[in-house]
Amino acid sequence: MLIRDFIGDYKSFLDNFGYHETIVARYIKQRALDYGYEVYNGRRKKYMQGDKIIFEFRDKLIALVELGKCLEDGSNVIVSHMDSPRLDVIQGSPIVEEEDGVFVKTVPYGGIINQLYLDRPLVLVGRVYNDDGELIQINTKEQGYFFNVTSLLPHLKGRQEVKDLTYDKLRVRIGNSKEDNIFEIIKEEYGITKENLEFAELSFVPYGNVIDMGFDKDLMMGYAHDDLCCTFANLEAMISSEPSNITKIALFVSYEETGSNQLTGAITQFIDDIYLKLAEGDTLLARECMTATKLISADVCAGYDSTYSSHFESSAKAICGKGVTIVPILGNKRGNDSTIQMKHYIKTLCKEYDIDYQVEFTKPSEGGGGTVSSFFATRGMECIDIAIPTLSMHSPMECISKKDIFWAYRLYKVFLESN
């Protein structure tokens, strides 16, 4: 695949589907179906080499599996997450009517800088049950409804309140008229009432298409590069990979931004159940497959920014445009200390296939983030973090290099195909 075509497809994916993990999961499923995958139907069967299966769980976890020759030989797995930082609508009674309009109360999902969500267009996405028990999918971008969290003008002394913004001030303005008028529009458009919002699963996310950055147009700016750049590279690598004797799995999870401990996070027992189903209920065979597995945790890492150079390790920094990034140790938070064999294996693949790579190491004094790799390492899998450097991570306008995401795709593909 040419890098121009790959980047064009990625931009289209992010522009049209990169708003919420449930939307991303539906996209992944349809893409897999188009490439000959079949949805697991719940019945045990004798799987054969080359079978392509889709496993789904609670609308927020999806796995694509292509069976190899022998499960005892293990599997090659790439896992990425589909969720991104955003503003979640508070459940219960989130609507507030003031004399200057109608607002929705929100709470940050994942680590964000509150001020960065001010004064920018937002769209509302998610799901809600109506009075008839029908699950309604919401994406106000499709109907042309946009929203905002307004800030205070700089002339007033209270401007300090914006600098020290707390989450309770992240009220999204959804209308300039009375609450009853707003809900008349909402009911006509979506068939839902105020009472339906009590347990709705709704989020406000930044609106805007991916755009090129700089005169050289090497970087791309957009919302949700973390972690949809890795998710897209993971998906494309899986569906375009050549047949292999080793079982291949592309796994897409949720809730990474809040610790991965929830129902469809990397900790879920459902992942172990996938191996049990492949092993036709043979627990020992499923365990043998997991302990013989090599896994890439595909997530973004902090791209080096010379403006804040003191916060980066000078001898091992990830520079945007310099290649896919190997993160050998992620031990300050949740992460994984990769084995020397796994590090050597990935380096060998990069050199054999002329893939540009670099090494990133977070300064111990800086703390750093985490990935899902530790959840799989405790299952006995040999894991390593392979990342795409990202500037302005967790902001509404993250930046990555076109070359880096393409190198990631190339590495993910040859890793999946390796025996």
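Residues are numbered from 1 along each chain as its sequence is written, and side-chain values use heavy atoms, with hydrogens and water left out. Because the model is predicted, local features need pLDDT of at least 70 and side-chain atom pairs count only at pLDDT 80 or more, whereas totals for chains, interfaces and linings use all residues.

The protein contains 10 helices and 19 strands; these are DSSP runs numbered from the N terminus, with at least four residues for helices (H or I) and at least two for strands (E). The radius of gyration is 22 Å, which agrees with the value near 22 Å for a compact globule of 419 residues. This radius is taken over C-alpha atoms, and the globule rule is 2.2 Å times the number of residues to the power 0.38. The C-alpha trace spans about 65 × 55 × 35 Å along its principal axes.

Of the 419 residues, 54% are buried, where buried means under 20% relative accessible area, exposed over 50%, and partly exposed in between (1.4 Å probe, protein chains only). The accessible surface comes to about 18,900 Å², and carbon and sulfur atoms account for 50% of it; areas come from the Shrake-Rupley method with a 1.4 Å probe, and for residues only the protein chains shown count as cover. Among contacts (heavy atoms within 4.5 Å) between residues at least 6 apart in sequence, 77% join residues at least 24 apart.

The largest nonpolar core has 90 residues, of which Leu-64, Phe-204, Ile-346, Ile-405 and Tyr-412 touch the most other members. Helix H10 (residues 402–417) gives the most to this core, with 10 residues. A separate core of 32 residues includes Leu-67, Phe-270, Ile-274 and Cys-383. A nonpolar core is a set of buried Ala, Val, Leu, Ile, Met, Phe, Trp, Tyr and Cys residues joined through side-chain atoms within 4.5 Å.

Leaving aside neighbours within four places in sequence, Tyr-412 is in contact with residues including Ile-78, Cys-230, Ala-233 and Ile-386. Ile-78 belongs to strand E4 (residues 75–81) and is buried, at 0% relative accessible area. Beyond its neighbours within four places, the contacts of Ile-78 include Ile-249, Leu-251, Tyr-412 and Phe-415. Ile-78 and Gly-370 are 292 residues apart in sequence, and their C-alpha atoms are 16 Å apart in space.

Two further buried residues were examined. Thr-264 is in the loop between strand E14 (247–253) and helix H6 (270–278), with a relative accessible area of 2%. Not counting residues up to four places away in sequence, Thr-264 touches Phe-57, Arg-58, Lys-60, Leu-61, Val-253, Ser-254 and Tyr-255. Asn-139 is in strand E9 (residues 135–139) and has 8% relative accessibility; with neighbours within four places left aside, Asn-139 contacts Tyr-19, Ile-23, Leu-124 and Val-125.

Most residues other than glycine have a negative phi, and most peptide bonds are trans. Arg-58, a contact of Thr-264, has a positive phi of about 55 degrees although it is not a glycine. Arg-58 lies in the loop between strand E2 (52–57) and strand E3 (61–66) and is exposed at 55% relative accessibility. Asp-59, in the loop between E2 and E3, has a positive phi of about 70 degrees and is partly exposed at 47%. A cis peptide bond, with omega of about 5 degrees, joins Asp-226 and Asp-227; Asp-227 lies in helix H5 (residues 225–240).
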